Amino acid sequence: MAVESAVSTPMANPECEKHAKALQFIEEMTKNCDAVQEKVLGEILRRNANTEYLLRFQLNGATNRDAYKTKVPVVTYEDLLPEIRRIADGDRSPIFSSHPISEFLTSSGTSAGERKLMPTIAEEMDRRQQLYSLLMPVMNLYVPGLDKGKGLYFLFIKAETKTPGGLVARPVLTSYYKSEQFKKRPYDPYLVYTSPNEAILCADSFQSMYTQMLCGLIMREEVLRVGAVFASGLLRAIKFLQLNWKQLVDDISSGILNPRITDPSIKECMSKILKPNPELAQFITKECEGENWASIIPRIWPNTKYLDVIVTGAMAQYIPTLDYYSGGLPLPCTMYASSECYFGLNLKPMTKPSETCYTIMPNMGYFEFIPHDPVNPMPLSRDSPPRLVDLADLEVGKEYELVISTYSGLCRYRVGDILLVKGFYNSAPQFKFIRRKNVLLSIDADKTDESELQKAIENASELLNEFNTTVEYTSHGDTKTIPGHYVIYWELHVKDPENAPTHEVLNKCCLVMEESMNSVYRQGRVADNSIGPLEIRVVKNGTFEELMDYAISRGASINQYKPPRCVNFAPILELLNARVVSAHFSPSTPHWTPERRG
Ligand code: AMP
């Protein structure tokens, strides 16, 4: 294995030495997985022994796994909500953590329609930074020469708010990009980006994207890797180029920045970067003016060695489109992380996305696993906490749900991710990310579950009451459009054909559904432009009966058949699309502000 052999290779310069140390660290952590986990749990329990939360379970100073596992319950966000509300309202007593809560990280997972609030402590930033510092040393083993050029990364900050008690609440990456660790990062030839900090830190998403794209075009020959956090973000950048290349070309040709860029710090930094370059302007025009955008990424950025985006989990749906624009460049997924805790990294980043495995770094938190059996789920009573499996004791070929305990004070918290153990690196298991539990539809960071979709359908159906009309439905996340959008297939049962719902009413139904979606969805629609308008496709009467016939022909039981609430299977989608009689879109965007509802 490359990591292992590289550890013993002599290193010539300070960068190499830094990489060697990082690889050595990975070796140590993965060789001593169980011992590190025991140590981490001990540290967490010692430092948080006098927190209100842990005192409740009478560990009486015990810091070992046995005591922890028998006394402390496995919980979900909803179980912690009363304490989280108190912290948000300003209670500064040590509730979960002996260290002061520095801010809330807002997860893209929601509770009651709003982003979950994850209390965090200042030192967690260092732990996250440490995981980041392992990524390039691993990548460098597989793709040499990444220090000879730049990364074109589309990175953005999002809106932040304050809780009633005055704590900042923002996404983890916004917190990271705004941190001194990021802004004042020491020069590292492996981490040179084309995007200036001023552009990344600009809250206006148009100005930020415009500037980042402009810099990427200007420095096109230096670019060795192109990326964003998630695949959907990179595709949004390509779409942006399709829509705005003429203005970008004008700027490059004249050396004058588009007047829509008004942010003073961007204007100042671009005055040093943007110079008239008619030759480059001509080249970009030639590449962008035609209809053919296949392989546009290597055409514009010819030295790109790979795309750095996450394409595992919900993002796998974007692989064919990325392949189209990149001409099949490798798609390494480098890390696996969440607002609650950063988990680990991919030690073989150049493998195919379908084979991507993540190795959880045992120093990041204490990890336990619930064996995942959807047919016979493990009972999780609060009174008799179940015996969960430890990181080092997992079995290859089995699926598990991840449960974490963190330095910030989350204890035995169910993240909701289902992972499959594919093998071990030293004594650390390597996981394939299977899915996030209960997610029906996802285009970008949004995660819509079945009950949210059902509620949205119910709210929209109210508009149909006066038409004496009921609906049957299913859904699909359509990622053929950029940005992708939710498609809801409706079969209308109209009692009186003289009084059927009109096109306008059905358009309005789309908007009512969007208004009913959680805040991450609405933010994607309104602020990030990462989700397109919701579409209702009305299908011919009898279509859902055909769906049932199809399922039964493939072995489903008639008695137990329920129409699927989301479809991804190509033959079923073809069947549905062949029966569409009309299509309707939201006439406007739903309501969204950074402030939380309710
Ligand atoms: P958030 O809480 O918004 O930061 O989202 C974290 C969640 O994103 C994780 O719990 C996973 O469900 C998902 N996620 C993060 N990294 C990956 C990855 N590399 N592959 C697939 N899903 C991921």
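The model is predicted: local features need pLDDT of at least 70, side-chain atom pairs count only at pLDDT 80 or more, and totals for chains, interfaces and linings use all residues. Residues are numbered from 1 along each chain as its sequence is written, and side-chain values use heavy atoms, with hydrogens and water left out. Helices (H or I, at least four residues) and strands (E, at least two) are DSSP runs, numbered from the N terminus.

**Annotated region**

- An unreviewed UniProt entry lists residues 452-569 as "domain: GH3 C-terminal". UniProt positions are given in the numbering used here, feature names are shortened, and annotations may be inferred rather than shown by experiment.
- The chain over residues 452-569 is 36% helix and 21% strand, with its end C-alpha atoms 22 Å apart.

**Cavities**

- Rolling a probe the size of a water molecule over the atoms shows where empty space is left.
- On a 1 Å grid over the protein atoms alone, a cavity is a set of points where a 1.4 Å probe fits but cannot get out, and a pocket is an open set with protein on both sides within 12 Å along at least five of seven lines; lining residues have an atom within 4 Å of a point.
- Grid points are joined across faces, edges and corners, and a volume is the space filled by probe spheres set on the points.
- The whole structure holds four cavities of 30 Å³ or more.
- The largest cavity has about 160 Å³ of space. It is lined by 17 residues, of which Thr106, Arg115, Thr161, Gln523 and Pro594 are the closest to its centre.
- At least two residues of the lining of the largest cavity come from each of strand 2 (114-121), strand 5 (168-170) and helix 19 (519-526).
- Five nonpolar, five polar and seven charged residues make up the lining of the largest cavity. In this classification Ala, Val, Leu, Ile, Met, Phe, Trp, Tyr, Cys and Pro count as nonpolar, Asp, Glu, Lys and Arg as charged, and the others, Gly among them, as polar.
- The volume of the second largest cavity is about 70 Å³. Its lining includes Ser232, Tyr318, Ile482, Pro483 and Ser530, and by class has five nonpolar, four polar and one charged residues.

**Second largest pocket**

- The volume of the second largest pocket is about 590 Å³. Among its 26 lining residues, Thr110, Lys116, Lys437, Asn438 and Asp449 are the closest to the centre.
- Helix 6 (77-88), strand 1 (101-111), strand 14 (413-425) and helix 17 (450-461) each give two or more residues to the lining of the second largest pocket.
- The lining of the second largest pocket has 11 charged, 10 polar and five nonpolar residues.

**Helices and their contacts**

- Helix 7 (residues 124-142) has 19 residues and reaches 29 Å from its first C-alpha to its last, close to the 27 Å expected at 1.5 Å a residue. The expected span is 1.5 Å times one less than the number of residues.
- Buried residues of helix 7 include Leu131, Leu134, Leu135 and Val138. Buried means under 20% relative accessible area, exposed over 50%, and partly exposed in between (1.4 Å probe, protein chains only).
- Phe25 is in helix 2 (residues 14-31) and counts as buried at 19% relative accessibility. Leaving aside neighbours within four places in sequence, Phe25 is in contact (heavy atoms within 4.5 Å) with Gln130, Leu134 and Asn363.
- Phe25 and Met361 are 336 residues apart in sequence, with their C-alpha atoms 10.0 Å apart in space.
- Gln37, in helix 3 (residues 33-47), is buried with a relative accessible area of 1%. Beyond neighbours within four places in sequence, Gln37 is in contact with Pro362, Gly365, Tyr366, Phe367 and Leu391.
- Asn507 lies in helix 18 (residues 503-516) and counts as buried at 15% relative accessibility. With neighbours within four places in sequence left aside, Asn507 is in contact with His584, Phe585, Ser586 and Pro587.

**Backbone details in loops**

- Ile482 and Pro483 are joined by a cis peptide bond, with omega about -5°. Pro483 is in the loop between strand 16 (469-478) and strand 17 (485-494).
- Asn468, not a glycine, has a positive phi of about 50°. Asn468 lies in the loop between helix 17 and strand 16 and counts as partly exposed at 45% relative accessibility.
- Asn529, also a residue other than glycine, has a positive phi near 55°; Asn529 lies in the loop between helix 19 and strand 18 (535-539).
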